[in-house]
Amino acid sequence: MGETISDPLPIRRLQETLINRIAAGEVIHRPASALKELLENCLDAGATSIRVTVKDGGLKLLQIQDNGCGIRRADLPILAERFTTSKLTSFSDLSKIATYGFRGEALASMSHVSHLSVVTKTKTETCAWKASYSYGKLVETQPGQTPDPKPCAGNDGTTITIEDLFYNTPTRLSALRSPAEEYSRILDVLTKYAIHNPGVAFICKKAGTAAPDLSTPSSSSTTQAIGMLYGHSIAKELLSTETSSSTEPDTAEFWRAEVHFTNANYQSKKTIFLLFINHRLVESSRMKRALEATYNGVLPKGSFPFIYLSLVLDPRSVDVNVHPTKKEVHFLNEEAISEQIADALLQTLTSKGQSRVFQYQTLLTGADTDRVTSKKRKGKEPERDPDLGTEGTLEPNSTQEESRKKVSSHLKVRTSLKDRTLDSMFPVMNPSQMEGSSSSRDVEKTEAAQSRDIRESECILTSVLNLRNATIKGKHRALTEILERHTFVGIVDVNQCLSLLQHSTHLYLVNHAALGEELFYQLGLRQFGNMSKLKLEPPPPLKALVTIAVQAEQLPDKTPLNKDQIIDRIVNIIMSRRDMLSEYFSLTITSDGFVASLPLLLRDYTPNLDKVPSFLMRLGPQVDWTSEQECFRTFLRELARFYVPGPVAPFDPSGPQAQSQEQQQQERAERWQIEHVVFPCMKRYLHAPKSLLDNDVVQVANLPDLYKVFERC
Ligand code: ADP
Ligand code: MG
C-alpha cells in the first residue's frame, strides 16, 4: 500500500504551431507526397502542361509550374491557411466532396514544414503576383519588404516553389533515405499521373540540368503513354476492359472502372499496379491481390503483370474516416467491386489474351495427328475459349486447308533432321516389334493383359472425385453394355480409325480412336496419382521435343510471338508445373529439363512415340492451368489424345502413299494393339458416354435383316 502512484501529469494544450506541424506531417511524408498534392492542385486547375524541377530529391527545392486557371490576387492572403479551399462552398458539399481530398490542407501543411512561395496569374489579371508563406501566413519575400503579394512578370497559371522541406522537423528529415531515392519516388508519382492524364504534358528535371528525366507530349492515348513511360514490351501486350455497377449513375452505389493490363505474354518479377480512385493515386492491397489472383495459372509462378486501374466511385461511398491523404483506401462494397473487376479482367485475359496463343493452337489442331480425333473434338468438347472457335472459322477456309496440307504429309515430320534425332533419343520400345497377331505368344499376352486389374487409385481430391463421378453419371447404359459384351469383328480402316463390332444380333461400325480416347481419359482418371511410368532412356530434352513440334507448324503471317518465343513459353509453363506433373501424372521432367518418364496408362500398350513432341507442345496452350479440376480434366484429355491409336499425320484421302517399312510395321503393331489391348480393356473399364452415339458408334446392320437379304438371293 505504501507505493506512491505517480501523480497524473497536467494536461496541457499543445502549442498551435506544434499542432500544425504534426498535422503537416500527416499530409506530407516526403517530397513525393508533397508533389502528389501539388500535382493534384494543378490538374484541378485544368492545367494541360506541368513542369517539375527538383533539387536534392525535392528536399532543397521542389518547384511545379502549371498553365492552369491561376489563383486570384484577392485569395492569396488566405491561400496557406488551414481549411481554405476553393473547392468547397457549402457545408452540404462536404460529405460529397471532402473525400476527394479537398480539405484545404495541402498548402497549409507545406507552409509549416518548408519555405513556400507562389507566383500566379489568372487570365483576367494584367500581371502575375508573387507571395511567400510561413506557418500558414503571408511573409515578406525579401527582408525589409511587406508580406503583401508583389506584382511581377509571369505567364498564366501557377508556379509553386517549396524550399528546404522539413527544415524544422529534423526527425522527419532524418527518416528519409537519400536524395536519389526521393527523386526516384518523385519520378514514380509523376509517371503514374502521366499515365492517368495522357492529355497533359509532363516534364520533370533536376535543377541545373537541361535534359528532362521525364517528358510526355500533351496528347496521347493511355496505351501510348504506357508505352512511353513503361516501355514497349508492356505496351505491346496490353489489353483493356471496362466495367461498371448495374446501378444508375447518380446513386451512391454507382461506380465504373477502366483497366489496362498485360496479357499472358508479359511477365515481370513484381506486379506493377497503378490504382486511381476518383483520379487520386491510392493504394489498396486488397484490390491488388484480387487482380493479381486472376493471373494464377495464366502466368508461371513468380511472374507478375502490369495493371493500371482507374476506378470512379461516388464520393459518398469512399470511407470518409480514412484520411484522404492516406494512400490505403477503403470503400463501400469493396469486395464485390474488386471481384467484378477481376472477373472482367479474367474474361478479357482468357478470350483476347489467349487468342494470341491460339493462333498457333488452330494450326496445331489442323496440323498434328489424326483428323478424326480433331474433328470429333470440335463437335463435342466445348472449347475453353469462346473466341477460339470464332477466330478459327474467321480464317478463310482455303488458307486453313492450305496450311494444313503443307504440314500434313507424313514425310514432313518424319524426314526432318530433327526428327531423326528424336528417333535416336528414344529407347527401342516401339510397338512395331510385336509381330503379327496370330502367334500363340500374342494370345498369351492378350490373356495376361485382360486378366490384369487396373485398380482405381485412392484419391481424396474433390476435383478428381468430381471428374470420376461425372464419368459414372454420364455413362450410357445400353452403349456401355454393347461395348462390355461385344465381339470384335475387325478393323475396317486404320487410317479412318473404323472398326466393326458385333453385339447380339447387331453389327456396329465404331470409331476406335474416339472410343479409345474416352477409354484412355478414364484410365488416366482411374489411376490419378498412381500411374506407372514409361521410362525414356536416355531422357530426351523437353525443349528439343517442343521445338520439333513447333517447328513443324505453319504459323500465320502475323503472329505476336515467333516460334522461339512460343517454344520458350511452352517450356516455361511445363517446367513450372514439374512437381505437379510428376506427382499426379508420373510425367517426370528433371530439373535441367529432360523428360525422364511419361505416364503409362495401360500395360502392353505403348502409345505412338512420334506423338510425344506434339503432346508436350499442346500441354502449353490446351491445358487450362487456371483451376484445379479443369487442369486435371484438360491434361487427362491431352494425355488420352496422345494415347489414342491412329496415324501421326492426318489421313490423306488423295490416295495411297508410299509407306516406309517402318510405317508398315508401326501400323501392324497398332492393329494388334487395337484388337488385343484396347478393345478388351474397353470391355472392362469404359463407362461409355452418350456423346459417343452422336458420331462414333453407328449400327450398320442387324443380322435378321441381313438374313432376309441373303434369303432372297
Ligand atoms: P485543396 O486542394 O484541398 O483545395 P490545397 O491546400 O491543396 O487545398 O489548395 C488550396 C487552394 O489553393 C485550392 O482550393 C485552390 O483554390 C488553390 N490552388 C492551389 N494550387 C493551385 C494551382 N496550381 N492552380 C490554381 N489554384 C490552386
Ligand atoms: Mg489540393
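Predicted model: local features only at pLDDT ≥ 70, side-chain atom pairs only at ≥ 80, totals over all residues.
The protein chain has 713 residues, and buried ones make up 50% of them. Its secondary structure comes to 27 helices and 21 strands.

Let's look at three of those helices.

| Helix | Residues |
|---|---|
| α19 | 512-526 |
| α24 | 628-643 |
| α25 | 661-685 |

Start with the pair α19 and α25. Their axes come within 10 Å and cross at roughly 60 degrees. Angles of 65 to 115 degrees count as roughly perpendicular and those under 35 as roughly parallel, so α19 is oblique to α25. The crossing of the two is left-handed.

Which residues in α19 and α25 meet? On the α19 side they are H512, L515, G516, L519, F520, Q522, L523 and R526, and on the α25 side I674, V678, F679, C681, M682 and Y685. Sorted by type, the residues of this contact are 10 nonpolar, three polar and one charged.

Now for α24. From its first C-alpha to its last, this helix of 16 residues reaches 22 Å, close to the 22 Å expected at 1.5 Å a residue. Is α24 mostly covered or mostly uncovered? It's mostly covered, with 12 of its 16 residues buried. Among the buried ones are C631, F632 and T634, and R637, E638 and R641 are on that list too.

Note on methods. Residues numbered from 1 in each chain as written. Chains lettered and ligands numbered in written order. Heavy atoms only, no water. Axes fitted to C-alpha atoms, helices over the stretch in contact; angles between N-to-C directions. Helix = DSSP H or I, 4+ residues; strand = E, 2+ residues; numbered from the N terminus. Parallel < 35°, antiparallel > 145°, perpendicular 65-115°, else oblique. Left-handed = near helix turned anticlockwise from the far one by under 90°. Contact = heavy atoms within 4.5 Å. Nonpolar A, V, L, I, M, F, W, Y, C, P; charged D, E, K, R; others polar. Expected span 1.5 Å × (residues − 1). Buried < 20%, exposed > 50% of the residue type's maximum accessible area, 1.4 Å probe, protein only.
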